[in-house]
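Colleague: I would like a close look at one part of this model, the charged side-chain pairs. Please go through them one by one and say where they sit.

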Amino acid sequence: MRDIPRWPRLLGLAGLLPQFACLAAALFGPEEWKNTAAGIAAIYAGLVFTFLGGAWWGIASGAPAAERRSGLAWLWIAAVLPSLIAFGCLGAWAGGMLPLEPVLIMLGAGFWIALGVDSRIGALGPRWWMRLRAPLSIALGGATMLIAMV
């Protein structure tokens, strides 16, 4: 990750801290912390997943005009999906229609699936995009799913 610019690298890694704190609280904290930590983890995963969609939207918006008009429908659509998925998952949990564990699994898996979109961005994004996105998505997705299993 050393060839990634300093601020994206440091802030991206800092973005992992809340989820790892929730994982630590669920693993090592008192029993009464587990549900709270899992709930906070689900909300945080939803926020970051939505943020990722916003990053894709920004990349699509910054693409050359010809590409924005013709070949980026897939990226515009992909950019909206994380927010809709997070809203559906968290809304179903908040409404009592889904327990927390499947919500955490779906959101965690979403980060791993999102790597497919990240890899398709190619030359539209920064040259270091995948070197940043892959470890962050793998770590955040894994931590989110681990919290579901605690």
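How many salt bridges does a search of the whole structure find?

Modeller: The search of the whole structure finds 3 salt bridges (a side-chain nitrogen of Lys or Arg within 4 Å of a carboxyl oxygen of Asp or Glu). This is a predicted model, in which local features need pLDDT of at least 70 and side-chain atom pairs count only at pLDDT 80 or more, while totals for chains, interfaces and linings use all residues. Residues are numbered from 1 along each chain as its sequence is written, and side-chain values use heavy atoms, with hydrogens and water left out.

Side chains of opposite charge can pair when their charged atoms come close. Take aspartate 118 and arginine 133: their side chains meet in a salt bridge, at 3.4 Å from N to O. This pair links distant parts of the chain, with aspartate 118 in helix α6 and arginine 133 in helix α7, 15 residues apart (helices are DSSP runs of H or I, at least four residues, numbered from the N terminus). Both aspartate 118 and arginine 133 are buried. For arginine 133 the relative accessible area is 11%, and the term follows because buried means under 20%, exposed over 50% and partly exposed in between, with a 1.4 Å probe and protein chains only. Leaving aside residues up to four places away in sequence, arginine 133 touches Leu52, Leu115 and Asp118 (heavy atoms within 4.5 Å).

Arginine 133 also has a place beside the largest pocket. Its lining has 19 residues, and Arg133 is among those nearest the centre, together with Gly12, Val48, Phe51 and Leu136 (a pocket is an open set of points on a 1 Å grid where a 1.4 Å probe fits, with protein on both sides within 12 Å along at least five of seven lines; lining residues have an atom within 4 Å of a point). Helices α1 (6–14), α3 (34–61) and α7 (129–149) each supply at least two residues of this lining. The helix that gives the most is α7, with 6 residues, and arginine 133 is found in that helix, α7.

The next pair joins arginine 131 to aspartate 3 in a salt bridge whose closest N and O atoms are 2.8 Å apart. Here too distant parts of the chain are linked: arginine 131 is in helix α7 and aspartate 3 in the segment before α1, 128 residues apart. Arginine 131 is partly exposed, with a relative accessible area of 37%, and aspartate 3 is likewise partly exposed, at 44%.

In the remaining pair, lysine 34 forms a salt bridge with glutamate 31, with the closest N and O atoms 3.4 Å apart. Lysine 34 is partly exposed, at 24% relative accessible area, whereas glutamate 31 is exposed, at 57%.

A word on disulfides, another kind of side-chain link. The count comes to 0, taking a disulfide as a pair of cysteine sulfur atoms within 2.5 Å. The sulfur of cysteine 22 has its closest cysteine sulfur in cysteine 89, and the 17 Å separation is too far for a bond. Cysteine 22 is buried, with a relative accessible area of 8%, and cysteine 89 counts as buried at 6%.
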